[in-house]
Amino acid sequence: MATTFWWRELNGSSGSNTETTLTNINFGNSNSANLTPASYPIAAGNNSYTKYVIGIWSGDFTQINNVKFWKASGSLVTGETIQMTGSIEFATPSATDAGDPAVVTAQPAVANVNIPWWQYEGATAWFAAGPGGVINGPGSGSTMPMRLQMLTTASSPAGPVNTKTFAITYDQQ
Amino acid sequence: MLWKAIFQDGTTICSINAQGAEVLFREVLNKEKTVELLEFRVEYLGKNYSVSMLDGSFTIGIDDDAIKLFTMEVGVANPADFKYRLIYYQRHIQYFGTAMDSVGGGLAHIGIGWQATDKDGVNIKRVLKLHPLSTSAIFELESKG
């Protein structure tokens, strides 16, 4: 079945958040999507704002599940950590260390991103899926929400960090 | 890739219907609630693979020959009492570049099989993974439990 996948980021504050389709996932000292790092640099020893991103599938399919996310390539610089959790609800992004585990650097053995009971349809409409996450209507979608954050230490070097490649696997019916 | 589900009442559901339109797998799940599923077949890269929901066996058809595989090991409790639950999925992998666009990946494999719970409550799973020809193995069997 043909599906389309894209990423969006949630910003603003809890209860009145906004959504933006992502063209990059640069980390920075700002609660905003598609930011330019040079405009919002992270001083050594500080953290980026947490990023709430959702991957969205749309199209005609029965179910998406068993989602795994990892950093496939791109070395970390001294003091740099990227944290990730796939079991979250939206909260107002902040630069406080969220305390999530470091993102894994190889395909994990088990799913590490929850597919929630709510599903995505269109720009803002959400609806509930059936038992087991099976979507019972045509033209619908499924989502994977995650929180990401970059941490640095005082020993982190000045300048841009390395580009990373992230990867996902998922099962589709 | 085509699939076909065969039910106890003699009816079938195919991934392409008589009008040539795609059918979603959810139709199988919905029908299975009221009619027993006997067998699930997949045709992939010119070969036929099926899993029996009656005895858990797999059949692999290559050209005019067929190999039947029983995957129940000694020590599994009361396999005859199993209620086999169908497993079917397509596993995809995607890599994302700096523009959050897909920069590689594709179909990793197709899985067909079953899972069941033995009398001790242990979940047992058998999956036949059908790999694209670009990988080293055409198929492999994953056993858990």
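**Ground rules**

I number residues from 1 along each chain as its sequence is written, and chains are lettered from A and ligands numbered from 1 in the order in which they are written. Since I have a predicted model, local features need pLDDT of at least 70 and side-chain atom pairs count only at pLDDT 80 or more, while totals for chains, interfaces and linings use all residues.

**Confidence**

I began with pLDDT, the predictor's confidence in each residue, from 0 to 100. Chain A averages 84, and 83% of its residues score at least 70. For chain B I noted an average of 84 too, with 83% of residues at 70 or above. The model as a whole gets an ipTM of 0.85 and a pTM of 0.86.

**Chain A, overall**

I found zero helices and nine strands in chain A. Helices (H or I, at least four residues) and strands (E, at least two) are DSSP runs, numbered from the N terminus. Of the 173 residues in chain A, 34% are buried. The cut-offs I used: buried means 20 or more other C-beta atoms within 10 Å of the residue's own, exposed means 12 or fewer, and partly exposed is in between, with C-beta atoms placed from the backbone. I then looked at contacts in chain A with a separation of 6 or more, and 71% of them join residues 24 or more positions apart.

Strand E1 (residues 3-13) and strand E2 (residues 16-21) of chain A pair in the antiparallel sense over six bridges. Pairing needs at least two bridges found by DSSP between two strands. Asn11(A) sits opposite Thr18(A) in E2(A). E1(A) and E2(A) make a hairpin with two residues between them, and Gly15(A) in the turn has a positive phi of about 95 degrees.

**The core**

Which residues have the most contacts inside the largest nonpolar core? I got Val67(A), Phe69(A), Phe40(B), Ile112(B) and Leu128(B), in a core of 53 residues. Strand E8 (residues 140-151) of chain A gives the largest share of this core, five residues. Such a core is a set of buried Ala, Val, Leu, Ile, Met, Phe, Trp, Tyr and Cys residues joined through C-beta atoms within 7 Å. Leaving out residues up to four places away in sequence, Val67(A) touches Ala111(A), Val113(A), Ile115(A), Met144(A), Ile168(A) and Tyr170(A).

**Where the chains meet**

I see 19 residues of chain B in contact with 23 residues of chain A. On the chain B side, helix H1 (26-32) and strand E7 (85-96) each supply at least two residues, and E7(B) gives the most, with nine. By class, that side has 11 nonpolar, five polar and three charged residues. In this count, Ala, Val, Leu, Ile, Met, Phe, Trp, Tyr, Cys and Pro are nonpolar, Asp, Glu, Lys and Arg are charged, and the others, Gly among them, are polar.

Strand E9 (residues 165-172) of chain A pairs with E7(B) in the antiparallel sense over seven bridges. Asp171(A) stands opposite Arg91(B) in E7(B).

**Loop residues**

Phe61(A) is in the loop between strand E3 (51-59) and strand E4 (64-73) of chain A. Why does Phe61(A) count as buried? Because 21 C-beta neighbours lie inside 10 Å.

Pro41(A), in the loop between E2 and E3 of chain A, counts as partly exposed because it has 16 C-beta neighbours inside 10 Å.

Most residues other than glycine have a negative phi. Leu45(B) has a positive one, near 55 degrees, and Met100(B) has one near 60 degrees. Is Leu45(B) buried or exposed? Leu45(B) is exposed, with 12 other C-beta atoms within 10 Å, whereas Met100(B) is buried, with 20. Leu45(B) is in the loop between strand E3 (37-44) and strand E4 (47-52) of chain B; Met100(B) is in the loop between E7 and strand E8 (102-117) of chain B.

Note on methods
Two residues are in contact if their C-beta atoms, placed from the backbone, lie within 7 Å.
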